[in-house]
Amino acid sequence: MQVHRPSTNTATRRRALQQLAAGVALIGLSGCGYKLRQAPKFAFDSVRIAGNESTPVSRELRSALLANGLQVLTTATPAAGAPAQVVLTVVTDQRERVAVGQTAAGQVRELQLRTRFTFRLRTAADKELIEDTELLLERDLSFSETAVLSKDAEEALLYRDMATDLVQQVVRRLAAVKSL
């Protein structure tokens, strides 16, 4: 029985093509520009949260700003220390629950959850850095009377997810401010 072996010329050509393909892939991966998201850099070191500061989104925003190295002041913070460089005013932090789908018998089958968050950013000298900005997030939720408890838990989870998304959007907008 004869075993067919490729000629040395074919084997060398195949090896050269494999090395060329590996080299092209390596060059392509090294120059793709992919970079992990880094912590935001702010043009200020301290911020005062004013307005609706006890809402869920405001509390999570306060935690996120603290985690990013900013000094965060609220109305509960004594005014004895240095004043904040900027004032973040929470104008609106509102949750809405709207029935958008019903059966022929009038039973609710689909809900739409909304979170509306409006804020502005000014310096301590009242110079406007970010004008009133409204962020609106919506999520759809199917509903069933037979699974009320699980749908309540799902609704709470969706609201928490929307709050986290809003906080990330606000932090990115604050980091986009380059000068006071």
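This is a short chat about a predicted model of one chain.

Trainee: What does the secondary structure of the chain come to?

Mentor: The model is predicted, and its chain has three helices and five strands.

Trainee: And what pattern does the chain follow along the sequence?

Mentor: Read that way, the order is α-β-α-β-β-β-β-α.

Trainee: Contacts next. Of those between residues at least 6 apart in sequence, how many join residues at least 24 apart?

Mentor: The share is 67%.

Trainee: How many of the 180 residues count as buried?

Mentor: Buried residues make up 31% of the 180 in the chain.

Trainee: Switching to rings. How many aromatic pairs does a search of the whole structure find?

Mentor: It finds two. One of them joins Phe42 and Phe44, with ring centres 5.6 Å apart. Their planes are at 40°, so that pair is tilted.

Trainee: Are Phe42 and Phe44 buried or exposed?

Mentor: Phe42 and Phe44 are both buried. The other pair is Phe117 with Phe119, whose ring centres are 6.1 Å apart.

Trainee: Why does the pair of Phe117 and Phe119 count as tilted?

Mentor: Because the planes of Phe117 and Phe119 are at 35°, and stacked would need under 30 degrees, edge-to-face over 60.

Trainee: What relative accessibility do Phe117 and Phe119 have?

Mentor: Phe117 is at 1% and Phe119 at 0%. The cut-off for buried is under 20%, so Phe117 counts as buried, and so does Phe119.

How values were computed:
Residues are numbered from 1 along each chain as its sequence is written. This is a predicted model: local features need pLDDT of at least 70, side-chain atom pairs count only at pLDDT 80 or more; totals for chains, interfaces and linings use all residues. Side-chain values use heavy atoms; hydrogens and water are left out. Helices (H or I, at least four residues) and strands (E, at least two) are DSSP runs, numbered from the N terminus. Buried means under 20% relative accessible area, exposed over 50%, partly exposed in between (1.4 Å probe, protein chains only). Contact means heavy atoms within 4.5 Å. Rings of Phe, Tyr and Trp (its six-membered ring) pair if their centres lie within 6.5 Å; planes under 30 degrees apart count as stacked, over 60 as edge-to-face and the rest as tilted.
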